[in-house]
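This briefing sets out selected features of a single protein chain. Please read it alongside the sequence and the coordinates shown below.

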Amino acid sequence: MSSEGTGTLSSKWTRPDDFIKLQRLKQKKKQLAARVSSNNNKRPELDENDKCKLLEAKIAQKRKNPFAKFTDGAKKHKHDDPHVSSISDVQTSLTNNLTCLTSKRSPPATLVLQKFDAQAFAKLLHQAKVTQADEENDAALAARQKHTVHLPIDWCLKTRVRFFCPTELPATQLKTSQLASGLTSFVRCFDTHHTESTLDISDATRFNQCTYYWQHPHLPWLTLYPRSAKENNGITIGERERKALAEEWDYSFRGLFQLLRARQCPYFYLCANSFTVLFRAAGSGGRAETHALVTPSTRGMRSALRQEGIEYSMPLKQQNAADGVISNSSFTEESEGNIIDCGTSVTVANCQAEDNEHISDQDDDDDAWLESLGVDERELRRIQTTHARRLQAAEMSEDFSDNSLLLIEGVECQGFFSYLLNAKSTITSVGRLAGVPPTLLAPVAFPKATMQNLVPRSKKVRLDGVDYYSIDIKGLLLPTFLPSVAMLLCETRQTFSATLASSINTLAFTKATQKLLETTPAESKAAEQEAGVSGQVFGEQNLSECGLLPAVVGAICRTGQHAVGLLERICYQQGEGYAWS
């Protein structure tokens with residue numbers, strides 16, 4: 001009896017799966033009924049006659065073949081309309097012109113060195129429509145362009161360069177022999193094009209030789225140029241590591257400076273957190289002695305140099321004539337008169353010391369005169385404080401700018417080298433890269449240096465049916481990189497162009513060098529021009545063993561007009577020379 005009772009109970013209950021299936025079935029029935037009712041409401045009521053007519057029309061209608069071509073009768077029917085026929089005539093003429101253009105493809109356009117050639121290369125990636133304002137800007141830019149037989153040297157550091165050429169550029173995907181030959185040529189300072197050797201002398205090998213440089217220190221997990229990179233945030237170095245890095249850097253800096261004095265290294269850069277120094281050997285940059293350029297400088301740094309007895313000049317400094325002070329740019333007639341009045345050497349430091357002593361004597365006389373008039377001592381102190389603040393503000397007005405660049409040359413350069421070795425500000429103890437020594441960059445090997453390379457990327461650009469080949473390089477580019485590559489491309493290509501991006505912190509190096517070469521007294525310009533050629537030859541001979549190519553050494557030692565310039569765009573045409581701006 002119990003088994004029969006349980007059987008009847010289980011048959012009465014519905015399982016969950018069956019219940020869900022019933023619910024879904026009911027929903028589908030309701031949706032179907034709703035669709036049928038809506039279709040019945042929307043469908044118009046037709047009579048029996050209308051239904052018969054629709055059926056006959058459907059049977060009589062022939063289905064169109066979507067793949068069938070138009071018949072001649074259809075074309076004639078369309079051309080009956082004059083408006084439609086005119087449109088079709090225009091379309092057929094356009095298609096005929098296009099077929100003619102595609103069949104007769106124009107040859108690659110040759111670059112002619114005219115006003116807008118360099119600007120045309122710069123606009124390869126900007127294909128916007130040229131407006132009237134753009135044309136005016138192009139005209140202004142063309143007016144600033146200069147044409148020279150040689151390529152000027154730019155002493156500021158570059159961060160990117162892009163080369164364009166209508167013919168194929170050197171390959172960036174190197175074979176084993178090309179990579180090995182380029183590396184060997186750079187390390188051993190070989191000129192493979194003019195010396196006999198078993199090394200590979202292809203264009204790709206010579207281009208690869210130009211992409212190397214030397215750096216110390218090298219910490220792969222840090223960005224040591226530019227030192228203000230965001231990747232350097234939050235990185236700390238222990239005391240033991242700081243001491244080891246300082247010792248290594250001290251030895252490396254000493255060895256590199258000795259190479260510079262012996263003219264075995266033409267130049268090198270010292271990049272600290274707050275300033276950058278360019279050391280150049282005697283004969284380079286139009287200077288007869290070893291010299292250093294520092295940018296930017298501050299009032300505290302200049303004061304520390306004066307306390308150490310290091311003399312310097314400020315070629316780019318400009319002061320207001322209303323303050324009664326003449327510009328300190330070197331070797332102008334007015335500055336020479338002020339220097340003679342100072343009775344000391346041609347340095348801003350000594351002149352400022354004499355001026356400060358003279359001003360202090362005048363202040364003492366003024367204070368005594370004010371005291372004789374019965375001026376209160378508190379009022380006298382307030383006047384003195386206000387005057388001191390004005391002098392300090394005038395001295396600090398150009399801090400951290402290009403005008404604060406310092407020129408240190410001759411014997412003073414040795415003192416400045418000792419100052420950098422011992423100054424606490426050289427290696428910062430707080431902030432980004434705390435405890436990391438300044439970055440040393442040079443085109444030749446020096447103690448403890450690590451060899452670095454640039455990674456070029458080649459691609460193809462098509463503009464107006466013409467193919468242009470380009471090579472893009474991102475990274476640290478020394479001043480000798482561009483002359484080396486330009487010399488290679490001039491020998492193997494008829495025309496090419498390049499656009500460059502400069503590091504803003506180092507623009508003052510080129511400005512100062514350019515100004516020092518141009519600012520010459522009028523009465524001694526003729527003698528200076530005669531001595532410039534001999535000085536250039538003398539400098540090239542002294543730097544002949546520095547490890548650079550002879551043409552690059554000539555660019556470093558070149559003097560005269562357009563020897564130095566800020567380069568953003570260059571264009572070369574065989575037989576014409578360079579156009580640059």
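The protein chain holds 19 helices and 14 strands. The model is a predicted one. Of the 581 residues in the chain, 38% count as buried.

**Overall architecture**

- Among contacts in the protein chain with a separation of 6 or more, 74% are between residues 24 or more positions apart.
- The chain has an accessible surface of about 35400 Å², and carbon and sulfur atoms contribute 53% of that surface.

- Strand β4 covers residues 267–271, and five of its five residues are buried.
- In a regular strand the side chains alternate between the two faces of the sheet.
- Both faces of β4 are covered: Y267, Y269 and C271 lie buried on one side, while F268 and L270 lie buried on the other.
- Strand β5, residues 276–280, pairs with β4 in the antiparallel sense over five bridges.
- A hairpin of four residues leads from β4 to β5, and within this pairing L270 stands opposite V277 of β5.
- Strand β4 also runs antiparallel to strand β8, residues 439–442, to which three bridges join it.

**Helices α10 and α15**

- Two packed helices are described by the angle between their axes and the distance between the axes.
- The axes of helix α10 (residues 239–261) and helix α15 (residues 411–422) come within 11 Å and cross at roughly 170 degrees.
- Because angles over 145 degrees count as roughly antiparallel, α10 is roughly antiparallel to α15.
- On the α10 side, the contacting residues are W249, D250, F253, R254, F257 and R261; they meet C413, Q414, F417, L420 and L421 of α15.
- An α-helix has 3.6 residues a turn, so residues three or four places apart point the same way.

**Helix α16**

- Helix α16 spans residues 481–492, and 10 of its 12 residues are buried, so the helix is largely enclosed by the rest of the structure.
- Its buried residues are F481, L482, P483, S484, V485, A486, M487, L488, L489 and C490.
- At 1.5 Å a residue, the 12 residues of α16 should span 16 Å; the end C-alpha atoms are 17 Å apart, which agrees with that expectation.

Key. Residues are numbered from 1 along each chain as its sequence is written. This is a predicted model: local features need pLDDT of at least 70, side-chain atom pairs count only at pLDDT 80 or more; totals for chains, interfaces and linings use all residues. Side-chain values use heavy atoms; hydrogens and water are left out. Buried means under 20% relative accessible area, exposed over 50%, partly exposed in between (1.4 Å probe, protein chains only). Helices (H or I, at least four residues) and strands (E, at least two) are DSSP runs, numbered from the N terminus. Two strands pair if DSSP finds at least two bridges between them. The expected span of a helix is 1.5 Å times one less than its number of residues. Contact means heavy atoms within 4.5 Å. Accessible areas come from the Shrake-Rupley method with a 1.4 Å probe; for residues, only the protein chains shown count as cover. Axes are lines fitted to C-alpha atoms, for helices over the stretch in contact, and angles run from 0 to 180 degrees between N-to-C directions. Angles under 35 degrees count as roughly parallel, over 145 as roughly antiparallel, 65 to 115 as roughly perpendicular and the rest as oblique.
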